Amino acid sequence: MSLIRPLTIALLGVLLCLAGATFDSESLYVPGVALVGIAVLATAWVLLAANGATLVRRSGPHTIVEEQPYPLRVEMRSGVLPPPGGELFEPLLGWPVPIAGRWSRRVRINVRFSRRGRRVLEPGRLVIRDPLRVFSQEIVDEGHDEVLVLPRIEPVTAPGGSGAGAGDHGGQGIDPGVMGRRLDASMAELEIDGLRPYREGAPASRIHWPSVARHGEMLERRLVAELDSAPLIVVDPSAPSGEDGLDKAVRAAASLCVHLARAGGCAVLLPGDRRPIEIGHDMGAWPGVHVRLALIESGSAPPASTLGPRGGAVIWVTGADLMSAPRALERLPAGARIVVSPAALPGVRPLFEVADCTGCLVERLRRAAPVGAGRAA
């Protein structure tokens with residue numbers, strides 16, 4: 001704060017003293033001297049307390065998962081004298097912390113971020129002032145920290161299953177044997193890609209017994225490459241129902257990546273990429289994918305040309321409220337095609353639930369779609 005206020009108060013005190021001398025009125029000396037003394041004392045005390053004062057924020061890690069505690073430590077030290085009054089303002093706290101009469105002050109708190117994305121931590125402020133607010137000094141923390149909030153991972157459950165992934169419609173019209181089971185990883189298994197002559201040592205499960213019965217010829221099933229048969233998770237950020245809808249879709253995509261990767265491996269196609277990123281059982285590629293999922297913003301849908309033929313399931317994750325399957329997904333050849341979105345369509349039995357989203361087979365969406373309903377782009 002400038003010296004205008006204390007100088008004004010001191011000048012008023014001097015004028016009172018001059019008026020007392022002019023009119024020979026001793027009663028004016030008392031308030032005049034008092035005002036000058038208050039201005040000088042308040043200014044000197046605040047300046048001495050601010051001389052050498054420091055404000056240091058000791059931030060936590062550079063990345064944190066949604067709703068996990070982020071440790072925040074703020075330390076204040078005064079100068080030559082303890083401050084006569086004032087407050088410590090830390091934007092993440094939301095309320096001022098009094099510092100009057102303290103040589104030092106430490107604040108420790110755990111902050112939680114409810115949404116993913118990059119967070120720039122605004123600098124804290126230390127305001128030292130006198131009780132009468134005649135003069136004050138402000139000290140600003142020079143640090144500008146950033147925190148990347150990653151989407152949290154939630155369990156993938158069958159409809160009606162226990163855990164955080166159960167939705168509002170859980171348990172309605174679901175077979176008792178499926179109740180509480182997690183999403184099956186069988187979609188990661190290899191798919192049939194035709195027949196070929198039987199090779200010595202091949203497992204009996206690959207033998208095509210109908211050919212043996214009809215022609216007496218030993219044939220075995222030929223399987224597509226393991227790379228193309230792993231489940232593919234496609235993240236579609238186009239036309240979300242809102243920031244909350246996009247956040248739910250990103251959490252669902254992250255949860256599915258972890259679940260299917262641990263079950264044997266999967267692939268994920270992120271916005272702007274032309275080729276999917278493979279995530280193996282060792283989760284080596286997962287940290288980089290997790291960071292990119294945290295930074296996804298609303299944009300265009302992945303073009304159909306980036307999908308290509310695959311033998312495994314294609315899981316299309318979107319934050320939009322769809323009434324039908326995306327066209328790019330419906331154009332894919334036969335195979336498990338699944339749409340995951342925050343909207344629960346009435347009359348459609350979900351295949352699984354995750355992060356307040358439901359996963360439904362495209363065939364079920366097509367049967368439940370009203371007549372004349374347009375297809376999503």
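1. The protein chain contains 8 helices and 19 strands. The model is a predicted one, and the remarks below should be read with that in mind. Of the 377 residues in the protein chain, 43% are buried. Among contacts between residues at least 6 apart in sequence, 64% join residues at least 24 apart. The accessible surface of the chain amounts to about 19,200 Å², and carbon and sulfur atoms account for 56% of that surface.

2. Helix α1 spans residues 4-22 and so comprises 19 residues. From its first C-alpha to its last, α1 reaches 26 Å, close to the 27 Å expected at 1.5 Å a residue. The buried residues in α1 are P6, I9, A10, G13, C17 and G20. These residues lie on the same side of α1, because they cover an arc of only 95 degrees around the axis. An α-helix has 3.6 residues a turn, so residues three or four places apart point the same way. The cover over the buried residues of α1 includes α2 (29-50). On the other side of α1, the residues I4, L7, L11, L18 and T22 are exposed.

3. Most residues other than glycine have a negative phi. Just after α1, D24 adopts a positive phi of about 55 degrees. E67, in the loop between β2 (63-65) and β3, has a phi near 70 degrees, a positive value in a residue other than glycine. R133, in the loop between β8 (125-129) and β9 (136-140), likewise has a positive phi, near 60 degrees. E67 counts as partly exposed because its relative accessibility is 35%. R133 also counts as partly exposed, at 47% relative accessibility.

4. How many aromatic pairs does a search of the whole structure find? The search finds 1 aromatic pair. This pair is formed by Y70 and F113, with an edge-to-face arrangement: the centres are 5.7 Å apart and the planes stand at 65 degrees. Y70 lies in strand β3 (residues 70-77) and F113 in the loop between β6 and β7, so the pair ties together parts that are 43 residues apart in sequence. Y70 is buried, at 1% relative accessibility, and F113 is buried as well, with a relative accessible area of 9%.

5. R116 is situated in the loop between β6 (104-111) and β7 (117-121). Is R116 buried or exposed? R116 counts as buried because its relative accessible area is 7%, where the cut-off for buried is under 20%. A polar atom of the R116 side chain lies 2.8 Å from the backbone oxygen of I296, and a polar atom of that side chain lies 3.4 Å from the backbone oxygen of L293. Leaving aside residues up to four places away in sequence, R116 touches E66, V149, L150, P151, L246, D247, V250, L293, A294, L295 and I296.

6. T358 belongs to strand β19 (residues 357-361). With a relative accessibility of 13%, T358 counts as buried. Which residues does T358 touch, not counting those up to four places away in sequence? The residues in contact with T358 are V339, V340, S341, A343, A344, P350, F352 and E353.

Note on methods:
Residues numbered from 1 in each chain as written. Predicted model: local features only at pLDDT ≥ 70, side-chain atom pairs only at ≥ 80, totals over all residues. Heavy atoms only, no water. Helix = DSSP H or I, 4+ residues; strand = E, 2+ residues; numbered from the N terminus. Expected span 1.5 Å × (residues − 1). Buried < 20%, exposed > 50% of the residue type's maximum accessible area, 1.4 Å probe, protein only. Arc of directions from axis to C-beta. Contact = heavy atoms within 4.5 Å. Areas by Shrake-Rupley, 256 points an atom, 1.4 Å probe, with all protein chains shown as cover. Polar contact = N/O pair within 3.5 Å; in protein donor to acceptor, adjacent residues only side chain to side chain. Phe/Tyr/Trp six-rings, centres within 6.5 Å; stacked < 30°, edge-to-face > 60°.
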